Amino acid sequence: MLDYIRQMVSYNQRWQPMGPMDNMNIELNQRVRLRKAHPCGGFEWRVVRLGADIGLECDTCGRRVLLTRRELAKRIQLVLDVGPTT
Ligand SMILES: [Zn+2]
């Protein structure tokens, strides 16, 4: 039981710094800025795939990566404009 509580506490602490990103609302073609630069030097990515994993395309070099929602939430720094879909 104590272990269970300890787990819950550490779980909450892990997620606290995320704040508003908790209910991250990502849309297709949305551009996001990540905390860490891609090896090519780019910080900005475009969302190209939604699903269990989120597909991102590097704005600078065009390479695509797949991240889980949770991983993306951890790496994301800023959600930029949604693009021309409005
Ligand atoms: Zn890149």
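**Figure 1. The open sheet of the predicted model.** Five strands make up an open sheet in the order S4-S3-S2-S1-S5, with antiparallel pairing, where two strands are taken to pair if DSSP finds at least two bridges between them. The edges are formed by S4 and by strand S5 (76-79), each of which pairs on one side only. On average, neighbouring strands of this sheet are turned by 40 degrees against each other, direction ignored; the axes are lines fitted to C-alpha atoms, for helices over the stretch in contact, and angles run from 0 to 180 degrees between N-to-C directions. The protein contains two helices and five strands, which follow the pattern α-β-β-β-β-α-β when read along the sequence. Helices (H or I, at least four residues) and strands (E, at least two) are DSSP runs numbered from the N terminus. This is a predicted model, in which local features need pLDDT of at least 70 and side-chain atom pairs count only at pLDDT 80 or more, whereas totals for chains, interfaces and linings use all residues. Residues are numbered from 1 along each chain as its sequence is written.

**Figure 2. Confidence along the chain.** The average pLDDT of the protein is 80, and 69% of the residues score at least 70, pLDDT being the predictor's confidence in each residue, from 0 to 100. Over residues 13-22 the pLDDT is below 50, and this stretch has four contacts in the model beyond near neighbours in sequence; two residues are in contact if their C-beta atoms, placed from the backbone, lie within 7 Å. Where pLDDT is low, the predicted coordinates should not be read in detail.

**Figure 3. Strand S3 between its two partners.** Four bridges join S2 to S3 in an antiparallel arrangement, and Arg 49 stands opposite Gly 55 in S3. S3 also pairs with strand S4 (residues 64-68), in the antiparallel sense and over five bridges. S3 and S4 form a hairpin with five residues between them, and in its turn Gly 62 has a positive phi of about 80 degrees. Leu 56 has Val 65 as its bridge partner in S4. Not counting residues up to four places away in sequence, Leu 56 touches Trp 45, Arg 46, Val 47, Val 48, Arg 64, Val 65 and Leu 67.

Figure 4. A residue is buried if 20 or more other C-beta atoms lie within 10 Å of its own, exposed if 12 or fewer, and partly exposed in between, with C-beta atoms placed from the backbone. Of the 86 residues of the protein, 9% count as buried. In soluble globular proteins, nonpolar side chains tend to be buried together.

Figure 5. Val 32 has its place in strand S1 and counts as buried because 21 other C-beta atoms lie within 10 Å. Leaving aside neighbours within four places in sequence, Val 32 is in contact with Trp 45, Val 47, Ile 76, Leu 78, Val 79 and Leu 80. The C-alpha atoms of Val 32 and Ile 76 are separated by 7.0 Å, although these residues stand 44 residues apart along the chain. Across the protein, residues 24 or more positions apart account for 36% of the contacts with a separation of 6 or more.

**Figure 6. Three partly exposed residues: Asn 29, His 38 and Ala 73****.** Asn 29 lies in the loop between helix H1 (2-15) and S1, and its phi is near 70 degrees, a positive value in a residue other than glycine. Asn 29 counts as partly exposed because it has 13 C-beta neighbours inside 10 Å. His 38 is found in the loop between strand S1 (31-34) and strand S2 (44-49), and is partly exposed, with 17 other C-beta atoms within 10 Å. Apart from neighbours within four places in sequence, His 38 is in contact with Cys 58, Thr 60 and Cys 61. Ala 73 is placed in helix H2 (residues 69-75), and is partly exposed, with 17 other C-beta atoms within 10 Å. The C-alpha atoms of Ala 73 and Leu 34, 39 residues apart along the chain, are separated by 9.4 Å.
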